[in-house]
Amino acid sequence: MIQITSPAAIRNIMQSHGISCRKSLGQNFLVDNNIINKIIASAELAKSDLVVEIGPGLGALTAQIASAAGKVIAVEVDRGLLAVLSEVLEGVQNLEVILDDALKIDFDRLVGESTGGEYGRSGKKYKLMANLPYYITSPVLMHLLLGRFNISIILIMIQAEVAERLAAPPGSKTYGSLSLAVQYFTVPEILFRVPRTVFYPKPGVDSAVVRLTVRSEPAVVVRDENMFFNIVRSAFGQRRKTLLNSLAGSGLGIDREACLRALENAGIDPGRRGETLSMAEFASLTDSILEVSG
Ligand code: SAM
């Protein structure tokens, strides 16, 4: 195994393979062993853990995950990094590197096939870790959540400002449809902030490490989950509008009168804004919209 946690080491190894950092793939590599150790400690890894890592990059985090966990399956989209990864992680036995796009993967199937069904859909739960590329943070999260994969925790490093959104309570400026989706499926905790200086190349923003503990059941019970998320999206579509105007003017296909009745039945003032509604209120609004729309 080679140490690649310094800008000089990264430059050297990439140069020797004739490649360079691809900004378009969000390639900002970690160059700080303390941060890597803190991330590993936060995942509370044991030899019984199977970890899927999205975006191993040059393997800085991957190497440490592999020494603490039972097995790592690392999914990297950049073919150009594969040769570097196998040089850096040479001799690491409990690692499988997959060349693929994390947004397209059925993770349960991947780990099921790799472990003969021991982990995955009808097997044991696994952990997901990533220093996520900023450009796909929300789509990756939505893919992981809506896929209902058999994951116990998602430990991710993301842009600090997005981390705030994931954990935001109702009424706060950063509360939005991403907060609701994440809090519906998981319990989010912002663990610590990470300054931009620990990456090479240095990004324009700071990051934060977030742990999402996946709930065994969603936080609220709704009769129609698609409708619930459509209502949430409509309510936040135009943040300045009242709830009544957002819902009636959205693509939900429900007229103003019906929206008004649904809001009244749910005991929600139609003049409120979407950002003030709790998840429980969105759930009862969903049920009451379903009732009035037959
Ligand atoms: N884990 C490494 C580290 O911490 O130094 C690299 C993190 S870097 C922020 C993000 C990594 O994700 C890059 O290696 C990039 O090529 C990879 N990546 C970008 N888009 C991806 C996708 N759709 N699927 C899988 N990996 C992706």
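**Before you click.** This is a predicted model, where local features need pLDDT of at least 70, side-chain atom pairs count only at pLDDT 80 or more, and totals for chains, interfaces and linings use all residues. Residues are numbered from 1 along each chain as its sequence is written, and side-chain values use heavy atoms, with hydrogens and water left out.

**Stop 1: the whole chain.** Show the protein chain as a cartoon: it has 12 helices and 9 strands (DSSP runs numbered from the N terminus, with helices being H or I of at least four residues and strands E of at least two). The C-alpha trace spans about 65 × 40 × 30 Å along its principal axes. Of the 294 residues, 49% count as buried (under 20% relative accessible area, with a 1.4 Å probe and protein chains only).

**Stop 2: close-up contacts.** Pick tyrosine 135: one of its polar side-chain atoms is 2.9 Å from a nitrogen atom of the ligand. Next, click proline 56, where a backbone N or O atom lies 3.4 Å from a ligand nitrogen atom. At glycine 57, a polar backbone atom is 3.3 Å from an oxygen atom of the ligand. How much of the ligand's accessible area does the protein cover? The protein covers 98% of the 600 Å² that the ligand has on its own (Shrake-Rupley method, 1.4 Å probe).

**Stop 3: serine 207.** Jump to strand 9 (residues 207-214), where you'll find serine 207. Is serine 207 buried or exposed? Serine 207 counts as buried because its relative accessibility is 0%. Show its side chain too: it makes a polar contact with the side chain of tyrosine 134 at 2.5 Å (a pair of N or O atoms within 3.5 Å, where one must be able to donate a hydrogen and the other to accept it, and residues adjacent in sequence count only if both atoms are side-chain atoms).

**Stop 4: valine 198.** Finally, select valine 198 in the loop between strand 7 (186-194) and strand 8 (199-200). Valine 198 is buried, with 7% relative accessible area.

Definitions and conventions. Buried means under 20% relative accessible area, exposed over 50%, partly exposed in between (1.4 Å probe, protein chains only).
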